[in-house]
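Q: I would like to learn how to read a structure, feature by feature. Could you take me through one?

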Amino acid sequence: MHTSGPPAADSRSVVPQDEPTGWWRDAVIYQIYIRSFADSNGDGIGDLQGIRSRLGYLAGLGVDALWINPFYPSPQVDCGYDVADYRDIDPAYGTLSDFKELLQDAHAHGLRLIIDIVPNHTSSQHPWFTEALAAAPGSEARDRYHFHPGKGEGGNLPPNGWQSAFGGGPAWTRVTDDSGRPGQWYLHLFTPEQPDLNWENPEVRADFEKTLRFWLDLGVDGFRIDVANAMIKAPGYPEMVDGPDPDDGSSPCWDRDDVHHIHRSWRHVLDSYPGERIAVAEAWVPTVQRLAMYLRPDELHQAFNFDYLKAEWSAPQLHRIISDSVTGLGAVGAPATWVLSNHDVVRHLTRFGGGTVGLRRARAAALLMLALPGSAYVYQGDELGLPEVTELPDDARQDPVWLRSGGANPGRDGCRVPLPWAGRNASYGFGPAHSDRSWLPQPTSWADLTVEKQEADPGSMLSLYTQALKLRRGLPRADDGTLEWTDTSAPDSGLLVFRRPGGFICTVNFGPQDIEIERPGDLLLSSSPIDGTSPRPLLRADTTAWWSDERGDTRTQQ
Ligand code: GLC
Ligand code: CA
């Protein structure tokens, strides 16, 4: 089947509703890594106008919303997660008026737009940090960050043993005072160029509220909150306890209970705007119960499901994680979310085995994820079946994780390689015609994975995603989290079968054997060939199939 073109803009355009629709409860949200999505001017760096030029593609794919990684002015030490100005656009990505045009056009295409906010730390080039360095210990300027005297003789040792999350040593760096002598230390849970903000400081809170309002006034539909679980640090900076992360809020810097006060106040701001503006938490926390705390009715709307993202291609594991997520998040009235890849992890096609096995599993995993109740996140290139690029030359790599580990950790560049859109030569349509520039080199094998090529191939990953998203729109809403495992489910034999209200059934064979199943209804879609007419069709290893039971009531009118 050829993919459908974009629907007429006015048929789907986002218009503010009087009644809440809960649009986000089952939305499919497409993650755009701006640097690598589409480059409008040929400098090798993706940008806002590049995204704008591809809105027809995204609407045609059938997603509901876009989340764009940070585009703020930034020295780009951590690809934009080091923000120097929260209320402007990095010139490499465009201007505020480009952003306004993009937002307007996205809405006209029926696509909501979520932006990334980075509250745990600023860039070391943020004016606040420059001011703090020039100011004296104990000053108001230093109080916006975590400055502290060192330990040991002459304060030569960091205030405690906390380590940077990116490797490369302590989470503290020492500054020099104005006489040129070594002075206080400041905290950075990530790189030294990302000093942590002090969220006990009222000015920090007020300024972020101003930032939220700035973007909400422009009309954004929500925020993805970076490191939403680390903004509060324990007074006195006690040592970290060895062993697994505690799940009772007792870590001195991760997932502390007081962080919820901040999220409640942000929810208040979001709710003061019309049109259901949402927030999604990036919070790596130890249990579903701790995650659910971020999703209580007066806090955030969604959180990424990292248990799901980290899972292997395994029926027992996914059976458990799906059940726990639906129940655990349902307990606070929140929809579950599902995600397979993002800009921080090895792409799932490669995680699931790579090559033809990885591709087969990635196809099956896509249909499983899109069948689950709740909201799903698709990372750019998932829909093209892009693998992790493992063969990047060392001198091309830019991730601080690679640099700070002295090359021991390959870092995250391999999942951030610019998308292939069309043609046989680099940059494969990433840039304008005849531009071969891309900030990370694309493998030549990607000539076969371009959007152009896959749109013309009914068997491609892109066609699978497009068909699945189209069908998903016709299914009864999946916002209530209802999912029922049937008694034919046999996780230990690699088979999962579940039913959703409205006669929708999903069967997944995780392998290694092909499994003969009893045909549960009419075949809607499958990730690999299956005889949908046989009373006992063979569900091949690593295959997901969607069915509608004999009452045929799955396809409701939209
Ligand atoms: C989040 C981002 C990651 C970034 C880090 C520090 O984990 O997803 O890309 O490096 O925060 O801001
Ligand atoms: Ca560009």
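A: Gladly. One term first: domain bounds come from an automatic or database domain assignment. Keep in mind as we go that this is a predicted model.

Q: Which domains does the assignment give for the chain?

A: The assignment lists domain 1 (23-120 + 202-390 + 438-472), domain 2 (127-187) and domain 3 (483-548). Taken over C-alpha atoms, the centres of domain 2 and domain 3 are separated by 58 Å.

Q: Which domains supply the lining of the second largest pocket?

A: At least three lining residues come from each of domain 1 (23-120 + 202-390 + 438-472) and domain 2 (127-187). The space in this second largest pocket is about 640 Å³. Its lining has 28 residues, and those closest to the centre are Ala165, Phe166, Phe190, Glu282 and Trp284.

Q: How do the residues of that pocket's lining divide into nonpolar, polar and charged?

A: The lining of the second largest pocket has 13 nonpolar, eight polar and seven charged residues.

Q: And cavities: how many of 30 Å³ or more does the structure hold?

A: The general idea comes first: rolling a probe the size of a water molecule over the atoms shows where empty space is left. In this structure there are three cavities of 30 Å³ or more. The largest cavity has a volume of about 50 Å³.

Q: Which residues line the largest cavity?

A: Among them are Tyr308, Leu309, Trp313, Leu340, Arg351, Phe352 and Leu368. Helix H10 (306-310) and helix H13 (355-371) each contribute at least two residues to this lining. By class, the lining of the largest cavity holds nine nonpolar residues, no polar ones and two charged ones.

Q: Let us turn to the metal. Which residues coordinate the calcium ion (ligand 2)?

A: The calcium ion (ligand 2) is held at 2.3 to 2.4 Å by Asp39 (OD), Asn41 (OD1), Asp43 (OD), Ile45 (O) and Asp47 (OD). Along the chain, these donors follow the spacing D-x1-N-x1-D-x1-I-x1-D.

Q: Is Asp39 buried or exposed?

A: Buried means under 20% relative accessible area. Asp39 has 3% relative accessibility, so Asp39 counts as buried. Asp43, with 26% relative accessibility, counts as partly exposed.

Q: Now for the sheets. In what order do the strands of the eight-strand open sheet run?

A: To read a sheet, follow which strand pairs with which. The order here is S9-S8-S7-S3-S2-S1-S11-S10, and the pairing is parallel. Strand S9 (302-303) and strand S10 (337-339) are the edge strands, each pairing on one side only.

Q: How many bridges join strand S7 to strand S8?

A: Strand S7 (residues 222-225) and strand S8 (residues 278-281) run parallel and are joined by four bridges. You can find Gly222 opposite Ile278 in S8.

Q: What is the pairing in the open sheet of three strands?

A: That sheet has the order S4-S6-S5, with antiparallel pairing. Strand S4 (147-148) and strand S5 (172-176) are at its edges and have a single partner strand each, so one side of each lacks a neighbour in the sheet. S4 pairs with strand S6 (residues 182-187) over two bridges, in the antiparallel sense. Here Phe147 stands opposite Tyr186 in S6.

Q: Which strands form a hairpin with three residues between them?

A: They are S13 and S14, and Gly502 in the turn has a positive phi of about 95°. S13 and strand S14 (residues 504-509) run antiparallel, with six bridges joining them. As one pair to locate, Val497 has Thr507 in S14 as its bridge partner.

Q: Which strand do two bridges join to S13?

A: That is strand S12 (residues 484-485), and S12 and S13 run antiparallel. In this pairing Glu484 stands opposite Arg499 in S13.

Q: How many residues of strand S13 are buried?

A: Strand S13 (residues 495-500) is mostly covered, with five of its six residues buried. In strand S14 you will find Cys506. Cys506 has 0% relative accessibility and therefore counts as buried.

Q: How far is Cys506 from Pro529?

A: Their C-alpha atoms are separated by 15 Å, while Cys506 and Pro529 lie 23 residues apart along the chain.

Key
Residues numbered from 1 in each chain as written. Chains lettered and ligands numbered in written order. Predicted model: local features only at pLDDT ≥ 70, side-chain atom pairs only at ≥ 80, totals over all residues. Heavy atoms only, no water. Donors = N, O, S within 2.8 Å, 3.2 Å for Na, K, Ca; no water. Buried < 20%, exposed > 50% of the residue type's maximum accessible area, 1.4 Å probe, protein only. 1 Å grid on protein atoms, 1.4 Å probe; cavity = no way out; pocket = protein on both sides within 12 Å on 5 of 7 lines; lining within 4 Å. Points joined across faces, edges and corners; volume = space filled by probe spheres on them. Nonpolar A, V, L, I, M, F, W, Y, C, P; charged D, E, K, R; others polar. Pairing = 2+ DSSP bridges.
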